[in-house]
Amino acid sequence: MKLNINFANQVQINRTNKDFILFDINPDNKITAFKLTNDLTRYRNRFQHFRLVDIIKQEINNKQIKL
């Protein structure tokens with residue numbers, strides 16, 4: 001599955017020092033909401049998916065995000 005992330009969000013994700021990204025996606029595979037955090041347990045129940053930011057950064061650099 002490929003996700004569509006706009007450029008501003010890609011820059012924000014690339015520049016963050018946080019460890020986790022939690023996010024919701026719509027049926028068109030677009031991220032509707034996301035949270036960058038170090039505290040996974042606090043926000044885990046509020047979002048559909050979570051990933052390590054380091055993995056997302058690598059996938060952004062490769063222009064390919066897989067779930």
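**View 1. The side chains of E59 and R51 are joined by a polar contact of 3.2 Å.** A polar contact is a pair of N or O atoms within 3.5 Å; within protein, one must be able to donate a hydrogen and the other to accept it, and residues adjacent in sequence count only if both atoms are side-chain atoms. This is a predicted model, in which local features need pLDDT of at least 70 and side-chain atom pairs count only at pLDDT 80 or more, while totals for chains, interfaces and linings use all residues. Residues are numbered from 1 along each chain as its sequence is written, and side-chain values use heavy atoms, with hydrogens and water left out. E59 belongs to helix α3, residues 53-61 (helices, H or I of at least four residues, and strands, E of at least two, are DSSP runs numbered from the N terminus). E59 counts as buried because its relative accessibility is 13% (buried means under 20% relative accessible area, exposed over 50%, partly exposed in between, with a 1.4 Å probe and protein chains only).

**View 2. Helix α3 has a buried side and an exposed face.** The buried residues of α3 are V53, I56, K57, E59 and I60. They lie on the same side of α3, because they cover an arc of only 165° around the axis, the arc being that of the directions from the helix axis to the C-beta atoms. The face turned away from this buried side carries the exposed residues D54, Q58 and N61. Among the elements covering the buried residues of α3 are α1 (7-15) and β3 (49-52), where contact means heavy atoms within 4.5 Å.

**View 3. The largest nonpolar core has eleven residues, including L3, F23, I31 and I60.** A nonpolar core is a set of buried Ala, Val, Leu, Ile, Met, Phe, Trp, Tyr and Cys residues joined through side-chain atoms within 4.5 Å. Two or more residues of this core come from each of β1 (20-25), β2 (31-37) and α3. A second, separate core of five residues includes F20, L40, Y43 and F47.

**View 4. I31 is placed in strand β2.** With a relative accessibility of 17%, I31 counts as buried. Leaving aside residues up to four places away in sequence, I31 touches L3, N4, I5, F23, D24 and I25. The C-alpha atoms of I31 and L3 are separated by 7.2 Å, although these residues are 28 residues apart along the chain.
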